[in-house]
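Hi,

Here is the structure I said I would pass on.

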Amino acid sequence: MAARVGVLGATGAVGQRLIQLLEPHPEFEIAALTASESSAGSTYQQAAKWRVDSPIPDDIAEMTVTATDPDAVPDDVDLIFSSLPSSVGAEVEPGFCEAGYIVSSNSSNSRMAEDVPLVIPEVNADHLDLLEVQRDERGWDGALVKNPNCSTITFVPTLAALAEYGLEKVHVSTLQAVSGAGYDGVTSMEIIDNAIPHIGSEEDKLETESRKLLGEFDGAELSQNSMAVSASCNRISTIDGHLENVWVETEDDLTPEAAAEAMESYPSLELRSSPDPLIHVFDEPDRPQPRMDRTLGDGMAISAGGLQETPFGLQYNCLAHNTIRGAAGASVLNGELLLENGYL
């Protein structure tokens, strides 16, 4: 029997992608869609300016959108997916958890809170046990789990594959697609024939979230990874797919050949949305490329290439689809992990 789920912020870009992924999902049944007060009471088709690359599912189009309030969501909903803006999420997500709902959230608020698990299932599934600490400390019947930023998700699995060599310093420069800013986030006059070498607060997310994701959980508290991380974030004119240039310095010697083998053999999970392989490594020096490689593994795979030795350690490029693997798909995957671990 499928778990009944709701989507908070269902009319936005990530909310639409969540619906696209959830509607055919055999383990989940969409039972509630929420949006702003101005959209409450409308059908979803009336409320949403649909922009995803497939039609609105017929049954979803006729669903009534409710307010983003625990009292407006049916009690028998097992899991909430949140794609709210972080300022809104910070206000309303705790209320859903207090009301007994389990929330798998893509919003950036609370990602670095000590008792909130920040999870990429193939990397740190054991951090989900932090929910027991969270419930004890906050007195919630529900729970809150986060997936990381879309640019963080792109390079952290490759670092996890190299962790056995002792990660010391990581430098990353991102080339991020315009969809990461939302439909109205970057105007055509800003980005056509241009690149923007600044994305507000993005660098901090890569530097802090990566250390939390690769940290150790001892059953009581989480200690962050000690590696040093520096990031430079840039917006470019691709539609989807974040491409990143990474330099890694390790304690032990690491050749490009050993790194490629470690990435290729890094294990995936037997969750429905987890791709196999998790990391696809290209031999070609000019891959991965966003237009050609962002949909590998139905948009859930990480790809890497261009591995080479430099005076600053191992250098390589990596890529992920930012609105699938980096956002909606990451939340769905965390939902599958919650289901697998008996939280639903």
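A disulfide here is a pair of cysteine sulfur atoms within 2.5 Å. By that cut-off the structure holds 0 disulfides. Before I go on: this is a predicted model, so local features need pLDDT of at least 70 and side-chain atom pairs count only at pLDDT 80 or more, while totals for chains, interfaces and linings use all residues. Residues are numbered from 1 along each chain as its sequence is written, and side-chain values use heavy atoms, with hydrogens and water left out.

Back to the cysteines. For C150, the closest cysteine sulfur is in C233, 9.3 Å away, which is too far for a bond. C318 is in no disulfide either, as its nearest cysteine sulfur, again that of C233, is 12 Å away. C150 is buried (under 20% relative accessible area; exposed is over 50%, partly exposed in between, with a 1.4 Å probe and protein chains only), at 12%. C318 also counts as buried, at 0%.

Now the helices (DSSP runs of H or I, at least four residues, numbered from the N terminus). α1 (residues 13-22) and α12 (residues 324-340) pack at about 55°, with axes 9 Å apart; axes are lines fitted to C-alpha atoms over the stretch in contact, and angles run from 0 to 180 degrees between N-to-C directions. The pair is therefore oblique, meaning not under 35 degrees (roughly parallel), over 145 (roughly antiparallel) or 65 to 115 (roughly perpendicular). Contacts (heavy atoms within 4.5 Å) involve V14, R17, L18, L21 and L22 of α1, and I324, A327, A328, G329, S331 and V332 of α12.

Cheers

Terms used. Helices (H or I, at least four residues) and strands (E, at least two) are DSSP runs, numbered from the N terminus.
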